[in-house]
Amino acid sequence: MIEGNAAPRVAVIGPSSWNMLVRLEQLPRPSPHTVFATSHLETLGGTSAGKALHLADLGVDVALVTVVGRDDRARRIRAALDHPGIHTTFLEGVGASEGHLNLMTPRGERVSIYLDGSPEASGVREAVDVAIAGASVVVCDLSAIGVAGLDRLDATGAPAWVDIHDYDGVAEFQRPFISAADVIIMNGDGMSDPLAYLGTLVRDGLSAGVCTLGSDGAVGIVGPAAAIVRVPAVPTTVVDTNGAGDAFMAGMIAQTIRAGHPGLLRDADELRTAMAAGAAQAVRAIGSAHLSPLLEGGRPARRS
């Protein structure tokens with residue numbers, strides 16, 4: 001098992017939020033009508049919060065930089081991220097903290113409605129500099145604060161990991177993140193052939209790219225030879241899919257740390273082992289009603 005304070009530190013730069021999850025039998029049709037929720041829950045959200053929780057779950061020491069507002073959501077976000085393995089810098093902006101309304105179905109379908117985005121905050125550059133100093137891996141998530149992280153990557157030689165989620169291959173906002181990344185994680189919801197897209201990036205110099213495919217597992221590509229790797233999903237009972245992608249990335253990063261090459265993937269064997277670790281950690285998210293079982297008092301993941 002990775003010992004928290006002795007492990008190489010991972011810096012995570014990006015959003016946290018307070019979300020309302022509403023579970024429905026099916027997503028609403030686009031016409032006026034009434035539907036009844038099967039359940040609903042308020043809980044921590046945000047892709048950076050999810051990654052920090054899952055890295056801490058795996059015993060990895062995390063430096064998280066995120067933005068909150070001046071409201072009750074901020075109080076709840078701060079409390080949810082109060083974990084000895086997560087060293088969080090909360091940059092305080094004026095106004096509401098980020099919040100989402102997520103409509104979910106048992107099949108993993110989701111519509112995420114942004115109720116409020118992250119507020120603007122000062123001191124971002126200084127906080128990012130502190131977080132990445134001495135970091136072995138830097139994760140820059142899609143957000144304004146993540147852009148600030150990209151701008152400071154030259155100050156560290158650490159590999160940069162980026163999660164581009166359901167990128168469609170066209171939108172401009174993701175492009176600087178993609179250009180700065182050493183490793184890219186994405187899902188297959190936004191384009192018809194994500195493997196071909198990742199293959200192009202690898203041949204242009206990306207170290208490795210991975211696309212998660214839900215119940216179909218994941219596919220990745222790595223190295224100068226553009227070797228392709230596939231791993232199956234781990235069979236499990238699905239409670240909620242929120243945080244699965246964050247858990248997958250955390251599992252991959254933790255595996256590279258255990259193997260003694262933090263954040264680096266050099267060949268098909270290393271990628272396959274890391275992807276299998278990611279799939280195993282995704283089960284931790286899928287089996288919880290929250291981003292991570294740590295939020296419901298779950299026992300930390302055990303890894304040898």
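Asp129 is partly exposed, with a relative accessible area of 26%. Partly exposed means between buried (under 20% relative accessible area) and exposed (over 50%), using a 1.4 Å probe and protein chains only. This is a predicted model: local features need pLDDT of at least 70, side-chain atom pairs count only at pLDDT 80 or more, and totals for chains, interfaces and linings use all residues. Residues are numbered from 1 along each chain as its sequence is written, and side-chain values use heavy atoms, with hydrogens and water left out.

Asp129 pairs with Arg152 in a salt bridge, 2.6 Å from N to O. The term means a side-chain nitrogen of Lys or Arg within 4 Å of a carboxyl oxygen of Asp or Glu. Asp129 lies in helix α3 (residues 124-132) and Arg152 in the loop between α4 (144-151) and β9 (160-165), so the pair ties together parts 23 residues apart in sequence. Helices (H or I, at least four residues) and strands (E, at least two) are DSSP runs, numbered from the N terminus.

Now go to Asp57. Its salt bridge partner is Arg284, with the closest N and O atoms 2.9 Å apart. This pair links distant parts of the chain: Asp57 sits in helix α1 (residues 47-57) and Arg284 in helix α8 (residues 268-286), 227 residues apart. Asp57 is buried, at 1% relative accessible area. Arg284 is partly exposed, at 22%.

Next comes Glu92. A salt bridge joins Glu92 to Arg70, the closest N and O atoms being 2.9 Å apart. Glu92 is partly exposed at 39%, and Arg70 is exposed at 55%.

A search of the whole structure finds 16 salt bridges.
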